Amino acid sequence: MKNTNEMELVFDSRSCNEGFARVTVAAFMTQLNPTLEEVSDVKTAVSEAVTNAIIHGYENEVHKIRITCAIEQKTLRIEVEDNGKGIENIKRAMEPLFTTKPELERSGMGFAFMEAFMDKIEVVSEPDKGTKVLMEKTIGKGRETWSTQSL
Amino acid sequence: MNYQIQENCLTIYLPRELDHHNAEEIRKLSDQLIERNHIKHVIFDFKETNFMDSSGIGVIMGRYKQVSLLGGEVWASHTNERMRKILLMSGVTKIMQIYEEEKCV
């Protein structure tokens with residue numbers, strides 16, 4: 001396979017790992033030569049998905065979260081997976097401002113942010129089995145590569 | 001968490017990264033401060049902050065709920081472009097004003 005690269009990351013669902021997860025994904029994507037804004041977009045999306053797994057998937061119990069990243073040409077594919085309690089109504093969960101935990105001051109903007117900052121997002125979930133969030137972003141869209149003229 | 005209290009106004013100096021992990025601490029401490037010091041207005045200072053996710057929006061919304069009952073207001077200051085983008089996108093700017101810092105002093 002040409003122009004592909006993959007990595008996998010498994011870590012405990014502790015909130016202190018949220019920063020670790022997004023920084024690791026950000027470091028992995030640097031090979032695509034992204035802009036600062038593209039890196040921030042991906043970091044925010046990863047942070048949202050991991051936070052969801054910790055708070056909603058595992059409800060603050062400590063289990064494993066798995067992140068798989070793949071680069072194909074200019075596209076970064078990220079999967080964030082937990083084996084937690086799953087989502088009953090995915091459509092509802094993805095509505096902006098909808099949250100099942102208002103007492104924890106969740107804004108209900110998690111999926112809205114993931115949708116806004118990534119090109120594509122898909123959620124696969126089954127109650128009591130777990131949740132998998134698949135996201136895609138093409139790096140360098142609308143940016144033309146250029147080279148200096150040779151002397 | 002660094003903060004400053006001037007009369008009935010609480011300024012919260014947000015950390016470099018505002019995610020679910022450190023949102024918890026800010027939430028707990030600021031709740032206490034607001035209650036004990038009869039705080040009416042809250043200023044979120046983003047000077048050091050270059051990362052925020054929806055947990056940060058939750059913190060702002062929560063403080064707004066608290067002080068708006070007393071007729072208080074919530075402000076954001078020293079926001080960089082990225083922070084303004086997130087604040088605007090989330091719609092939280094409907095309840096919070098953003099200070100436009102003048103650079104001409």
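Start at the interface of chain A and chain B, where the rule finds 15 residue pairs in polar contact, both partners at pLDDT 80 or more. (A polar contact is a pair of N or O atoms within 3.5 Å; within protein, one must be able to donate a hydrogen and the other to accept it, and residues adjacent in sequence count only if both atoms are side-chain atoms.) Before you click further: this is a predicted model, where local features need pLDDT of at least 70, side-chain atom pairs count only at pLDDT 80 or more, and totals for chains, interfaces and linings use all residues. Residues are numbered from 1 along each chain as its sequence is written, chains are lettered from A and ligands numbered from 1 in the order in which they are written, and side-chain values use heavy atoms, with hydrogens and water left out.

**The chain A side of the interface**

Helix 2 of chain A has the largest share, ten residues. (Helices are DSSP runs of H or I, at least four residues, and strands are runs of E, at least two, numbered from the N terminus.) Colour that side by class and you get eight nonpolar, eight polar and nine charged residues. (Ala, Val, Leu, Ile, Met, Phe, Trp, Tyr, Cys and Pro count as nonpolar, Asp, Glu, Lys and Arg as charged, and the others, Gly among them, as polar.)

Now select both sides: 25 residues of chain A are in contact with 21 of chain B, contact meaning heavy atoms within 4.5 Å. The area buried between the two chains is about 1,900 Å², with carbon and sulfur atoms giving 52%. (Buried area is the accessible area, with a 1.4 Å probe, that two parts lose on being put together, summed over both.) On the chain A side, pick R22(A), E105(A) and F113(A): these lose the most area to chain B, together 29% of what that side buries.

**Salt bridges**

For one inside chain A, select K64(A) and D12(A), whose side chains meet at 2.6 Å, N to O. K64(A) lies in strand 2 (residues 64–72) and D12(A) in strand 1 (residues 4–12), so the pair ties together parts that are 52 residues apart in sequence.

**The cavity**

Next, show L104(A), E105(A) and R106(A) along with H20(B), A23(B), E24(B), R27(B), S55(B) and V59(B), which line the largest cavity. Its volume is about 50 Å³. (On a 1 Å grid over the protein atoms alone, a cavity is a set of points where a 1.4 Å probe fits but cannot get out, and a pocket is an open set with protein on both sides within 12 Å along at least five of seven lines; lining residues have an atom within 4 Å of a point. Grid points are joined across faces, edges and corners, and a volume is the space filled by probe spheres set on the points.) Helix 1 of chain B gives the most to this lining, four residues.

Move on to the largest pocket, with about 570 Å³ of space. Of its 32 lining residues, H56(A), I87(A), A93(A), T100(A) and F111(A) are closest to the centre. Helix 2 of chain A supplies the largest share of the lining, six residues.

**Last stop**

Finish at N60(A), in the loop between helix 2 and strand 2 of chain A. N60(A) is not a glycine, yet has a positive phi of about 70°.

Notes:
Salt bridge = Lys/Arg side-chain N within 4 Å of Asp/Glu carboxyl O.
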